[in-house]
Amino acid sequence: MKRLNYLLILVAVLVMASCTSTDEKLRAMIPNDAVGVVKINMPSILDKAGIKKGEEKDATLTIPSDLKAVIDQANANIEDDLNIIGDVVNYLPESGIDVGCHSYVFLTKGVLQAVALLPLADEDKAKEVVNKIAHGKMKEMVGIEFASHLDYAFAIDDNVLLIARKNNATDDEASAAAKNILDKSKPSVLDNEDVAKAIDAKDSDIAVYVDAKGLPLLFENLNLGTAVGSISPATIFEGTGIKAITATINFDDSKQGDEKVAISTDFICADNGLYSLFYDKVVATAASGNASDVLENVPSDFGTYFSIRLSGAELMKMPGISKMLEALPVDGINCGDIVSSLNGNLVVGLEKIDEGDYIFGVSAQSTAPDVVVNEIVNFASLHGQPPVFNANREYQYDTSDGSKALVMNKTNDVVYLRCVNFVPSSSAAEWLPLVSTMKSSVMSLFKLVKIAGAHEGDLCWGLRNKTHGEGFYFTEDPNENVVISSLKCLCWREPSGMGAEEIGLSDF
């Protein structure tokens, strides 16, 4: 028995040593011009998903039938594009990927924009899978096995599989770029201690470091629009003085129901940047307010909610705000007075109901709600729509064709405006995760996630202070494995006919 124990310990040590060596090799391949790095703890994620069974050498992989069904339906929706994440997951059991080691994804602005580096236990199996995905046999180019299909390049060398999104590159250019990566021809970005510290965060299933310049690439190439919608948050950070964002993602595997994906984010920002100035002057000085009061007159039917605490008076002092409001094509209304009165929580709810058509609700705390209401009533009257009261004593304004109506009113210190061409089922104030996130955050995003029109789960994130944010994803079915649900979200693609800008689970 002792001898068996010693052998098991020896095998474990050898496996760990092998993965350590593989990890060092992959890290050395990430060039110093990378603008983002993602580290994926494959053993932990596959264990928590229940996909991997048994010890490393004898492990078997099984993709659950419901996840395969989502991937198959997503692939059927796509006419001339690849569902790379879905295909990799689908072929994982036969891929030859070494699922006992970490994998990496990095972003660059070069020939290959988004690059995945996957360690291999069996190169021959990996080649067979690439041939299936790329619709043809791999061939040797510049000393490596290479294939391309549509916008993607595939390369295999020295037990590493490279999958990359090409940036309008020819096969010659893409194969040469892949060769340079696999040959470790540049110093690694992980020689930077700040980057290495971020992606080596302890106890994380996924760790992320993204330079501000890499955010557009992150959302464009990694199908994150599936979770957050078609408006990329990357645009929010341009020119703000935010230098980088780090994040850790951890999957709860308690197997007790109500499992969550915990998301922790941190901003690295300049002290004198626009973001710091905005936060210190506009956000930090705002009244804390009551999240429930602000949400009371916003329907719970929307798929997306965004909230922020702000001081309108301080916002008006920010560079360019007054001129921007003066330039708005809304003659007859004093936008400055309305903005100046805001103090506390402001929330916007959005839902797409048709191609290019949205319903919305806006609710905000105001120090002068009567002023806001009067400005809007006078503006509408000036343009031929005098106030009309509905049964709830709200100001209601109908469109000329009767297809949509707006209602407006105030309750105490809250002013609200919303579409009423639908019957709201309940108030957003009854949605406890949304209320809880708003109460603990100065800025928050809540996103209902859909797959094939069905509610799959909810994504919620809140900025707790200037640099730190926390969020979570939880499934609609509390008994569903949250890792499998997350993989469904990453693998899902809407029908091609919707257009590239609208690919996602549910659009803003």
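Asp 33 is partly exposed, at a relative accessible area of 36%; partly exposed covers the range between buried, under 20%, and exposed, over 50% (1.4 Å probe, protein chains only). Its partner is Lys 186: the two form a salt bridge, with the closest N and O atoms 3.0 Å apart. A salt bridge here is a side-chain nitrogen of Lys or Arg within 4 Å of a carboxyl oxygen of Asp or Glu. The pair links distant parts of the chain, 153 residues apart. Lys 186 sits in the loop between α6 (171-182) and α7 (193-199), Asp 33 in the loop between α1 (2-28) and β1 (36-40). Helices (H or I, at least four residues) and strands (E, at least two) are DSSP runs, numbered from the N terminus. Lys 186 is also partly exposed, at 41% relative accessibility.

This is a predicted model: local features need pLDDT of at least 70, side-chain atom pairs count only at pLDDT 80 or more, and totals for chains, interfaces and linings use all residues. Residues are numbered from 1 along each chain as its sequence is written, and side-chain values use heavy atoms, leaving out hydrogens and water.

Now the whole protein. It has 17 helices and 21 strands. Of its 508 residues, 51% count as buried. The structure holds 18 salt bridges.

One of them joins the side chains of Lys 132 and Glu 94 (2.6 Å, N to O). Lys 132 lies in helix α5 (residues 123-134) and Glu 94 in the loop between α4 (84-90) and β4 (103-107), so the pair ties together parts 38 residues apart in sequence. Lys 132 is partly exposed, at 42%. Glu 94 is partly exposed too, at 35%.

Another salt bridge joins Lys 450 and Glu 351 (3.9 Å, N to O). Lys 450 belongs to strand β19 (residues 443-451) and Glu 351 to strand β14 (residues 342-354), so this pair ties together parts 99 residues apart in sequence. Lys 450 is partly exposed, with 25% relative accessibility. Glu 351 is buried, with a relative accessible area of 12%.

From Glu 351, step to Gly 361. The two are 10 residues apart in sequence and 9.3 Å apart in space, C-alpha to C-alpha. Gly 361 lies in strand β15 (residues 357-366). Gly 361 is buried, with a relative accessible area of 1%. Not counting residues up to four places away in sequence, Gly 361 touches Phe 302, Val 347, Val 348, Gly 349, Leu 417 and Arg 418; contact means heavy atoms within 4.5 Å.
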